[in-house]
Amino acid sequence: MHTPHDDTPAEPKWRRYLRFFRPNPAADLQDELRDHLESMVEELVARGMTPEAARAEAHRRFGDVSRIRGEVERLDETQLTRERRTVALESFLHDVRYAARGLRRSIGFTLVATISIALGVAANATMFSVVNAVLFRPIPGAHAERLVRVYENHHSPLTWTQLAWFRAHTTAFDGIVGERYGAMGFRGAPGAEAERIQTSYVTQGFFPALGVRMALGRAFDVSDSADASASSVAVISHRFWERRFAGDSSIVGRRVALSEHPITIVGVTAPDFRSSVLGWTPDMLVPIAMAPALTGTRLQDFGGSLYTTARLRVGVAPSAGEAELRGALAQLARTDSAAYDRTTVRIGDVRGVNAEQRAGVTIGSVFLMAMVGMVLLIACANVANLVLGRAATRRTELGVRLAIGASRGRIVRQMLTESLLLAFVGSAVGFAGALLLTRLLPAALPPQAGLDASYFQPDLTVALFTGALCLVTTVLFGLMPALHASSPQLTGLLKGDDPHARRRSRRGALVVTQAALCVLLLAVASLFLRSLASSRDVDPGFRADGVVDVDVDLGLLGPGVKAPAVFANIVRDASSLPSVQSASLAAVVPLGGSNMETRVVQDGMTLRSRGDAPAVYFNVVTPKFFATLRTPILRGREFLPTDGESSPHVAVINETAARRLWPAGDALGKRFRLSGDNTLYEVVGISRDANYVMPGESPKATVYFAFSQMPRSEMTLQLRTSAPLATIRSALWSVVRASAPTLPPPPVVTMTDDMSITLLPVRLGAGLLGAFGGLALVLAAAGIYGVASYSVASRTREIGIRAALGATRARLVRMVLWESGRRVVIGSIIGLGATIGIAAGLARVLYGVEAVDPVVLLSVIVTMAAVAVIASLAPAVRAANADPVTSIRAD
Amino acid sequence: MSDRDVDLIQGTLNVLILKTLSWGPRNGYAIARWVRDTTAGDIELEEGALYPALHRMEHRGWIAAEWGVSENNRRAKYYRLTTLGRKALRARTQSWERLVDAVGKVLHAQAGNA
């Protein structure tokens with residue numbers, strides 16, 4: 001029950017006046033309902049009830065007032081929100097239309113500002129597309145968020161034994177699958193010309209576990225232990241299908257040959273398929289069950305070469321999966337403790353690069369994003385400058401609008417809308433630019449990288465990033481001018497202050513910022529260029545010029561090939577070519593992007609565990625290797641044809657290995673064995689140290705073995721020759737064909753080109769930073785020019801007076817130049833300070849770079865100063881040419 | 001609550017209110033009284049339905065409200081029909097008549113066939 005009055009307390013009369021200011025729906029409703037009740041009471045009283053009874057009766061009839069009021073209030077509230085939203089949207093659209101009109105009117109301003117933003121955004125969006133591709137992009141397919149990579153220790157691929165064991169002894173996963181990559185020989189039909197293609201062996205369940213979609217045909221699901229006839233099926237990639245078969249839809253069921261083995265194509269992957277090994281773009285995927293037949297190696301003898309991906313069961317956390325894998329590994333270790341000594345297993349992110357490269361790629365990405373971010377900051381400073389200038393020309397308009405009562409917030413909002421519109425158009429153009437640039441980028445990388453044109457294609461993540469950039473740039477270049485323009489310094493004007501003075505200093509600050517950022521970027525780019533130059537000048541311990549590399553992979557022919565005999569013939573025939581001075585084989589081309597490591601045990605030493613054996617780099621080579629590369633043998637001899645399969649095992653080691661393995665005494669004649677093997681090798685020669693992994697690296701202990709005593713199916717034929725590449729290529733193909741008639745023609749490149757891959761990060765850095773630096777310089781020049789022009793224009797009268805008082809033209813030019821120059825000098829000093837900080841870090845990773853490199857710093861300053869002078873020259877001359885009489889009348 | 005209430009479906013309530021307002025602006029109380037008097041008390045508009053309906057139609061633009069002062073010097077909210085409301089009234093009157101007509105036919109047919 002309720003008493004008559006507590007539902008509708010009387011409203012003090014004064015509250016009604018509040019309605020002059022804004023409507024009060026709650027009070028209105030209360031009034032409306034009270035009117036209803038009172039009317040009812042009056043009617044009842046008129047019929048003869050006492051007022052008290054009438055009131056009680058009215059309340060009884062009316063029912064629950066608060067419930068009705070609640071219902072109606074809710075209705076009104078919904079409506080009000082809807083109206084407010086409409087009003088807000090309409091006001092925004094009005095602002096946008098107003099801004100668009102304004103921007104159309106000053107087309108020059110709009111164009112320059114848009115181009116500035118577009119350049120900055122294009123550079124950033126492109127860079128981020130690359131970062132996205134190598135760090136964030138998930139692999140396509142259903143429920144990819146449940147996929148994890150499985151690594152041995154930090155980042156090593158698994159062995160087949162480990163993978164099979166994990167598959168059998170864990171329950172946390174729906175599937176654990178592996179991929180092993182390599183090249184194979186392919187024939188479109190048995191007997192047709194052979195070609196070399198990229199292939200991946202995949203374990204059972206690979207396609208469903210990764211959620212691979214098919215464009216045509218079906219995936220295969222062959223047991224890892226199936227025999228060769230049951231597993232002779234293949235899936236080809238969409239790219240290979242288009243390139244090699246011109247998208248022939250009758251491809252499914254086609255019989256082809258892979259490493260001389262007949263195989264049937266059963267399906268084509270969807271275009272978005274990506275290997276689980278980042279950067280590897282296989283043309284063909286075959287069941288790993290085929291590997292023994294194709295290579296002659298049993299699965300358990302492959303070593304750690306399976307890039308492993310696991311699909312977590314629904315609801316299982318990665319940490320729980322990892323714990324279970326650890327438990328399973330511990331069980332496995334009990335079966336063979338020597339093999340799994342010091343081995344752990346861990347789970348990694350499936351997105352982007354594998355764990356092996358992740359740390360390096362992350363650091364590189366952050367660094368490059370920071371650098372390219374500076375380009376955007378410079379562009380923003382430019383636009384802020386333009387917006388400030390524009391606001392200055394609209395001072396009267398804004399002043400009038402403020403005077404007639406436009407709120408400051410309203411004007412700020414309007415100016416920000418204009419900035420947002422500018423940023424939006426600029427970002428859209430920039431994004432379009434990024435779409436184009438990301439398609440061109442893979443072509444600029446060496447073909448070894450093996451990236452297709454769509455590799456860096458921007459996706460939704462990049463689009464969102466660009467959207468965020470748009471908002472950030474709006475705030476960066478729009479907020480300060482908007483706040484500033486909406487608060488005219490009226491008192492200052494009344495006191496007769498120079499209204500331009502404050503503005504000039506604000507714009508001066510923008511120039512200082514631009515110069516600082518620009519100097520920083522240029523200096524860092526120069527450091528990369530310098531490192532690149534030093535790497536080219538460095539003596540790697542061998543002579544690469546004049547050497548031609550031929551990658552001969554007899555593994556493409558299947559397991560039946562007698563590799564040592566075939567290679568012997570190839571070397572013999574190549575050596576007898578007229579232009580060839582010497583020919584040899586090497587398993588690894590030094591500085592060619594790959595390397596091999598092993599652990600050795602000096603004869604007579606006993607070890608507590610495998611991990612205690614010294615790690616060394618190694619290579620497998622034939623006689624004449626050191627002669628071909630011109631690496632001097634300091635003592636002893638190099639390999640000889642007499643070092644045969646059955647003669648005593650010998651090795652050549654470099655100086656560092658000699659010093660490290662036998663610190664006391666002479667290494668020559670000493671013997672050692674490989675960890676886990678009993679064969680003893682005698683050191684017969686000591687070679688000079690040579691670079692192996694990175695140019696200019698600190699010397700690494702390296703051991704060389706004789707090919708005849710450690711044969712392999714893939715070797716690089718190296719020749720020292722005076723003939724140009726084009727002429728010798730066909731001769732070399734003939735030589736290879738004579739010994740291995742069915743082998744696809746192998747790639748023939750100069751050793752210098754082969755080595756370019758090791759310098760790829762530095763070259764990429766130098767290229768990108770050079771581009772950023774150039775862009776920054778152009779933008780900064782535009783900024784300096786803009787500010788100098790504005791400064792001259794706003795000081796017309798002062799300049800006129802100076803001219804009238806006898807200042808020479810040279811003096812006036814100097815005055816304007818000095819104004820720009822002073823700011824650029826201040827900015828450059830700040831920029832150099834920052835550079836030295838960054839360079840100290842870079843000096844540790846870049847070869848041949850010092851934290852304070854006077855040549856670099858000086859050249860950057862000179863460049864910056866030259867640009868500043870050139871950019872300010874036109875305004876300076878304009879000031880000098882001004883007619884004093886008209887100038888004084890101005891303003 | 002009145003036990004003589006005729007069950008009023010939402011659309012009917014709206015059409016009654018619109019019709020009432022077609023004679024001139026009224027406040028909520030007057031609308032309810034007019035309906036009650038015209039139907040000799042057969043239809044009693046419940047306040048709990050009346051006010052939400054009024055506010056809903058106001059948002060829809062069928063009726064507009066203005067504030068006035070009643071004879072007893074109280075603030076009172078008067079509703080009047082808008083052009084949009086007049087159209088709605090016409091449309092709904094027609095469809096109501098069609099419905100009554102159709103229901104009548106069915107009822108008579110049943111009586112005839114029984």
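I count two residues as in contact if their C-beta atoms, placed from the backbone, lie within 7 Å. This is a predicted model, where local features need pLDDT of at least 70, side-chain atom pairs count only at pLDDT 80 or more, and totals for chains, interfaces and linings use all residues. Residues are numbered from 1 along each chain as its sequence is written, and chains are lettered from A, ligands numbered from 1, in the order in which they are written.

**Where A meets B**

I looked up the contact first. Chain A puts in 17 residues and chain B puts in 17 residues. On the side of chain A that touches chain B, helix H1 (25–46) and helix H3 (65–105) each give at least two residues. H1(A) has the largest share, with eight residues. Helices here are DSSP runs (H or I, at least four residues), as are strands (E, at least two), numbered from the N terminus.

**Chain A as a whole**

Next I checked what chain A is built from: 25 helices and 21 strands. Its radius of gyration (taken over C-alpha atoms) is 38 Å, well over the 29 Å that the globule rule gives for 891 residues, so chain A is more spread out than a compact globule. That rule is 2.2 Å times the number of residues to the power 0.38. I also noted that the C-alpha trace of chain A spans about 125 × 95 × 60 Å along its principal axes.

**A helix in chain B**

Last, I went to helix H2 of chain B, residues 28–38. Just after H2(B), I found Ala40(B) with a positive phi of about 55 degrees.

Methods
A residue is buried if 20 or more other C-beta atoms lie within 10 Å of its own, exposed if 12 or fewer, and partly exposed in between; C-beta atoms are placed from the backbone.
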